[in-house]
Amino acid sequence: MSILRIGRLELRVMDLEESVKYYTEVIGLEEMGRDESRVYLKAWDEYDHHSITLQKADSPGMDHMAFKVSDIHALEKLEKKIEQFGCTLKRLHRGTRLAEGEAIRFEIPTGHHVELYTEIEHVGTGVGVLNPAPWPDNLRGIAPHRLDHALLTGEDLETVTRFFIEVLGFRQSEKVVTVDGEVMIGSFLATTNKAHDLAFVKGPDKKFHHAGFYVDNWYEVLKAADILSKNKVTVEVTPTRHGITRGQTVYFFDPSGNRNEAFASGYISYADFPTITWTEDQIAAGIFYHRREMIESFTKALT
C-alpha cells in the first residue's frame, strides 16, 4: 500500500491558548512548536513531529486530515489518479507549515479537504528505539498512544467510499445500510490493519464528527473518563462499547466544541476480510452496544 497510515489532523479552535492547555494537560499531547496561527502537537508514542495541529479560527471544525504516503513516486501517482477522478487539487510547498515537506491537497466528494504527504520531520519518542521502556515517565492526562482515526459526515457516501477504495486503495471494513440494503448511511474505511482509519456517516457535507485517540485498554478508557470529570470537561457518552469495530469508547468535547474520543481495542482487519454489514434498525447497538439507544447529540453536534 502506498498510503501508510493516518498522519495528521488540523482542527480549527476559537481560543488557541485555552485549546493548547486542554490538548496538553487533559488529552496529554506534547507541544512541538508554533507559527503565526497554529500550534503543533504529538502523542507520546508517535515518531513524527506532529499529528494534531490547532489553528486559531472564528469557528470550530476540521481544516483537513492527512495521510502519510510511502515515497514521492507514490505521491505523484496518487496525484494523477485523484485528478482523473475529478477532485480539485493543489500542491503545497515545503515549509507551508512547520516541519512539513511537500504535499498535495484536494477536496473529496463530501467537501472535506484531505492532504497526502511523504515528508515530515522525524523526532522520535521519549523511550527511543534501543531497549525502550514500555512508556515514558512524564505522561500527563489521558496520554493516548496516537491519533487513531476521524469520523466525518457527508451526503454521498457511495461516491466518497468509491473514491477511497478505487483511488487511494482503502478497504471498507464495515458499512451501515438501510433495512432494504439500498442506501449506505455509514462507511468505515481502513488503509492499515485497524478496524478503521477513517469513517463517514450520512449527514451534511463538510462537517466533522470526531477525532479518535488510541489508548491501551478498557481500564484506560475508564481512567480517561475520570480525568475528564476531574477537569470538568463535557462528557457526551460515558464509557461503553461499540458494536461496529468492537472498540471501547468515551466521547467528549474540546473547549471549541470539537468532539474527541478515547478509543481502545477494536479488531484487526486483514486485506482478505469481508465487509461487515449493519442495518439501520440495529444502528443503536452498532454505535452504543451496551445501552442500545441513540443519543440525540451524537448526530446533531457537528463542527
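Author: Contact here means heavy atoms within 4.5 Å. Before going on, please note that this is a predicted model, in which local features need pLDDT of at least 70 and side-chain atom pairs count only at pLDDT 80 or more, while totals for chains, interfaces and linings use all residues. Residues are numbered from 1 along each chain as its sequence is written, and side-chain values use heavy atoms, with hydrogens and water left out.

Back to our spot. Ser269 sits in the loop between E16 and E17; such strands (E, at least two residues) and helices (H or I, at least four) are DSSP runs, numbered from the N terminus. Ser269 counts as buried because its relative accessibility is 3%, where buried means under 20% relative accessible area, exposed over 50%, and partly exposed in between (1.4 Å probe, protein chains only). The side chain of Ser269 also reaches the backbone oxygen of Lys194 at 2.6 Å.

Ile268 belongs to the loop between strand E16 (259-265) and strand E17 (276-279) as well. With a relative accessible area of 46%, Ile268 is partly exposed. Together with Tyr270 and Phe273, Ile268 makes a nonpolar surface patch of about 320 Å². For such a patch, residues must have over 30% relative accessible area and no salt bridge, and nonpolar side chains (Val, Leu, Ile, Met, Phe, Trp, Tyr) are joined within 5 Å. The areas come from the Shrake-Rupley method with a 1.4 Å probe, and for residues only the protein chains shown count as cover.

Now for the interior. In soluble globular proteins, nonpolar side chains tend to be buried together. Here the largest nonpolar core has 61 residues, and Phe106, Leu116, Phe164 and Leu168 have the most contacts inside it. Apart from that core lies another, of 14 residues, including Ile244, Ile283, Phe288 and Phe298. A nonpolar core is a set of buried Ala, Val, Leu, Ile, Met, Phe, Trp, Tyr and Cys residues joined through side-chain atoms within 4.5 Å.

Phe288 leads us to Ile295, whose contacts, leaving aside neighbours within four places in sequence, are Glu236, Val237 and Phe288. Ile295 lies in the loop between helix H5 (283-287) and helix H6 (296-300), and counts as buried at 18% relative accessibility. Although Ile295 and Val237 are 58 residues apart along the chain, their C-alpha atoms are separated by 8.3 Å.

Charged pairs complete the tour. The whole structure holds 21 salt bridges, each a side-chain nitrogen of Lys or Arg within 4 Å of a carboxyl oxygen of Asp or Glu. In one of them, Glu100 and Arg97 meet at 3.0 Å, N to O; Glu100 is buried at 6% relative accessibility, and Arg97 is buried at 4%. Both residues belong to a network of salt bridges that also links Arg8, Glu10, Arg38, Asp63, Arg105 and Glu115. Arg146 pairs with Asp148 in a salt bridge, the closest N and O atoms being 2.9 Å apart; Arg146 is partly exposed at 28%, whereas Asp148 is buried at 2%. Finally, Arg162 and Glu166 form a salt bridge at 3.5 Å between the closest N and O atoms. Because Arg162 and Glu166 are four residues apart in helix H3 (residues 157-167), about one helical turn separates them.

Technical notes:
Patches are made of residues with over 30% relative accessible area and no salt bridge: like charges are joined within 9 Å, nonpolar side chains (Val, Leu, Ile, Met, Phe, Trp, Tyr) within 5 Å. A polar contact is a pair of N or O atoms within 3.5 Å; within protein, one must be able to donate a hydrogen and the other to accept it, and residues adjacent in sequence count only if both atoms are side-chain atoms.
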